[in-house]
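Please open the structure in a viewer and follow the stops below in order.

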2 protein chains.
Amino acid sequence: MKFQNVKEALEALKALEEKQWALSHAMNMIVYDAATAAPKNSAEGRGKTLGILSAYMYELIAAPENTEMLAYLRAHEAELSEEEKRRVALTEKNCQQISRIPQEEYTEYEMLLNDAQAVWEKAKNENDFPAFAPYLEKIVAFNRKFAGYYNPALPAYDALLNEYEEGMTMAVLDVFFEKLRTAIVPLLEKIRNAKPLNDDFLRRFYPAEKQKQCAEYLMEVLQIDRGYCGLAESEHPFTDNFNNKDVRITTHFYENNLTSALYSVIHEGGHAIYELACDDRYNQTAIAGGVSMGIHESQSRFFENIIGRSEAFIHAVYPKIKEFFPEQLADVTERDFYEAVNRAEPSLIRTEADELTYCLHIMIRYELEKQLIAGELSVSELPEKWNRLYLEYLGVEVPNDTMGCLQDTHWSGGSFGYFPSYALGSAYGAQMLHFMKKDLPNMEEKILSGDLSDIKRWLGEHIHRHASLYQPSVLFEKACGPFDPSYYVEYLTEKFTKLYKL
Amino acid sequence: MKFQNVKEALEALKALEEKQWALSHAMNMIVYDAATAAPKNSAEGRGKTLGILSAYMYELIAAPENTEMLAYLRAHEAELSEEEKRRVALTEKNCQQISRIPQEEYTEYEMLLNDAQAVWEKAKNENDFPAFAPYLEKIVAFNRKFAGYYNPALPAYDALLNEYEEGMTMAVLDVFFEKLRTAIVPLLEKIRNAKPLNDDFLRRFYPAEKQKQCAEYLMEVLQIDRGYCGLAESEHPFTDNFNNKDVRITTHFYENNLTSALYSVIHEGGHAIYELACDDRYNQTAIAGGVSMGIHESQSRFFENIIGRSEAFIHAVYPKIKEFFPEQLADVTERDFYEAVNRAEPSLIRTEADELTYCLHIMIRYELEKQLIAGELSVSELPEKWNRLYLEYLGVEVPNDTMGCLQDTHWSGGSFGYFPSYALGSAYGAQMLHFMKKDLPNMEEKILSGDLSDIKRWLGEHIHRHASLYQPSVLFEKACGPFDPSYYVEYLTEKFTKLYKL
């Protein structure tokens, strides 16, 4: 293909981007359906279809014409807008990465992940790590190999981290986690000696039907337009976005746990808010959608913890929550509820962990992933090492793998390098809060009245609408200066010192 | 591409079939999601994706290499098994049809249908036929044009009928419907003069939650393996099959109507049973899946009416149904229930119609479709003509288009020529019953005990397992001789004469 001018080359780029979006849409839809609606023994046919669609995707992205088109656009960069340049850069990154993976491996990996999802669910339900182990071994091996394809100059795990958060390295994370640890450990120590907060009432019987209604109410409070956002059930909560007018969040209702589903709805709601507010102009281009996992988690954890677990928010929503569960919460005051949802206590399950100890769960996964990918830890040793680290960092005994190393969906989904973004996201969010407060002096009052529109507008303006136009660190700095974890440390220290009257 | 031998050409055929299945799977999944789970304003992005996937499908099927491959296999037919010959014939039919439709039209049509689905739902909810009319006009125009592409030698509507039931013509259907009319009209006349059957209690309040549980129970009675078959909710019940290990049925729960959802589950369950029992050997080939709409409807209507509305089946399931609704059905005997679900009375809604008057609903649609496609009726005249025919054949006044010509999903889905297969299916089913009874002398006792396994085995052996290996008429004749509507007329006459004590 020879281009007469930049316009022609941009049309070829657009055609490529649109096909990519369509194939992703189709594949994500099949995977989404598998997690929410598909009959449980239907994995085989789905795997074949995903294999064939992946082959289509591979052919599309690895096509030699792309190289020519991208080279032409690079050579004419002076004629491109900032937006077009970014589209070229992101498409280039994508094409280079994928064309470095041999097609057969790519297809085989997609099919492996499809099978692994079903096997992991079963293994988790039946506490049968050995059933999942051979799949995990293959997934780790693929990731190690892919890391070399992505960037052979980097240590494998750095190359994987870079997939979720551009430029992130073990060196940065080691320092980051160290800073958090030195803040959290003494704080937790003080909390251990303080009067414990009670959350027993959260484990009364809360019928799933009522929880569903309450989840719908929280979607309203978050001002999420249900015309563009679905809410479904799955084993593990997640958010999927097909485009900025079609986002899905999922949750899981436990009838003896009031807050698990509700806070997962707020968490996934934060992801959805981000995707839904990306500017329409980027639809079906490489810029569409949230820019990185870290920024994404900053939004979800901002809504879940910084807003959702604040005194002001509880004040706004608790009366309505009590209406859904008048008997179960008859003896529970607003203050009781606030204290219960913020009770800090070492525990087993990451997704159920409190805001303070959450980072320790992430640190454990970070350590294990580093070692698995480096080949310093074998899959068969994983359960034992997992259990040892939980004892060491959190002081808890892991009774079985279902509540241990089988608890998360990430590894069965091949997402190595993803976990650290949860912790980074929390830290990003705390820094955003600091700058948002400056711009919104009556923020607290608005939250007290249950009105999140100013907050959504601030985030929309500074973060959401830009989609993937800027690199994550550039986007973040434009919104609130260079990343500095001390905002997060200060936020946690202030909140938990006050809460526990330390 | 030059083939060295038949094996090579068969490999090329297999590759084509597999890709076709994968693209269909993806597109069907997106359409299924749209009907069951997608947020209501998400049609736009979905439409774009379907447009691009359709273009992929078009390119795949219209590729010139296919012609060469199919010609090679035709030339070596002597070396092919019966199964391979059928795969060649079906693929050939498929390729010829689609390559006769210009790609742009094909893609435009797929996108039109996607939009039309959302517009129709809204128009139906808001009784706004004019909002839907422009879409329907375009769909009719496309179908008329496509009919010419399919088979320019045939009248347009015959070419469309042929898509759903190979070889079916207006000439055959005119005779068939005439035969039914001459039987049903006098029977209905006698029923009008007989003592009416009471079904008031079916419109008491039946909570959706309980209906769902009851639907699950009926799935068990039908012995449908939920590991391979989903049950979801949609505006209009339907069955979708991605492959013989992944089938979905949907229903719609009305809280003031006990039987609507329950019988739709049995009806769709019949479709599902067929798909689930297709032989694995045909998976991902052109032979996979049910062979025609008529045969498919024979299965769904067999389970819904011939089994589901029989005295023996009611005897088997009514005690359990009563357990789900002890208060609502406190004063209702098994006989009352049997009479209620068989009450014959002219009505407005096809899907709610009784077994006897159902064919009249189909006749009306058949007449209207014939005329729309022939250009003898314009879309703007449709509501008036619809209402006139309902008055003429069924003696009922249509109060609005929601309960009139907007009630069915078929036309918004582009399925012109589909409706007659419902009536044909009923007639096929009655003939199957006749032959099944000969082979299964204790069939009645088994149904009385709620055990449908012999029936499923008979149908599996004679119909289901063969998937699309034989042409529908061949399959049918192998199972129960040449098609003869008198079996159906006799079945209806005997059942309703006895029921109404005529």
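Begin by selecting Q223(A), which is partly exposed at 37% relative accessibility; partly exposed lies between buried, under 20% relative accessible area, and exposed, over 50% (1.4 Å probe, protein chains only). Q223(A) sits in the loop between α9 (208-221) and β1 (229-233) of chain A. Helices here are DSSP runs of H or I with at least four residues, strands are runs of E with at least two, and both are numbered from the N terminus. The phi of Q223(A) is near 55°, a positive value in a residue other than glycine. Most residues other than glycine have a negative phi.

This is a predicted model, in which local features need pLDDT of at least 70 and side-chain atom pairs count only at pLDDT 80 or more, while totals for chains, interfaces and linings use all residues. Residues are numbered from 1 along each chain as its sequence is written, chains are lettered from A and ligands numbered from 1 in the order in which they are written, and side-chain values use heavy atoms, with hydrogens and water left out.

Next, select N127(A), in the loop between α5 (103-125) and α6 (129-150) of chain A. What is the phi of N127(A)? The value is near 50°, positive in a residue other than glycine. N127(A) has a relative accessible area of 37% and is partly exposed.

Along the principal axes, the C-alpha atoms of chain A fill a box of roughly 75 × 50 × 45 Å. Of the 502 residues in chain A, 59% are buried.

Together with F337(B), F337(A) has the most contacts inside the largest nonpolar core, which has 360 residues. Such a core is a set of buried Ala, Val, Leu, Ile, Met, Phe, Trp, Tyr and Cys residues joined through side-chain atoms within 4.5 Å. Beyond its neighbours within four places in sequence, F337(A) is in contact (heavy atoms within 4.5 Å) with residues including F201(A), L258(A), Y318(A) and V332(A).

Finally, turn to chain B and select helix α13 (residues 334-342), where the buried residues include F337(B), Y338(B) and V341(B). Among the elements covering the buried residues of α13(B) are α10 (258-276), α12 (311-324) and α20 (486-499) of chain B.
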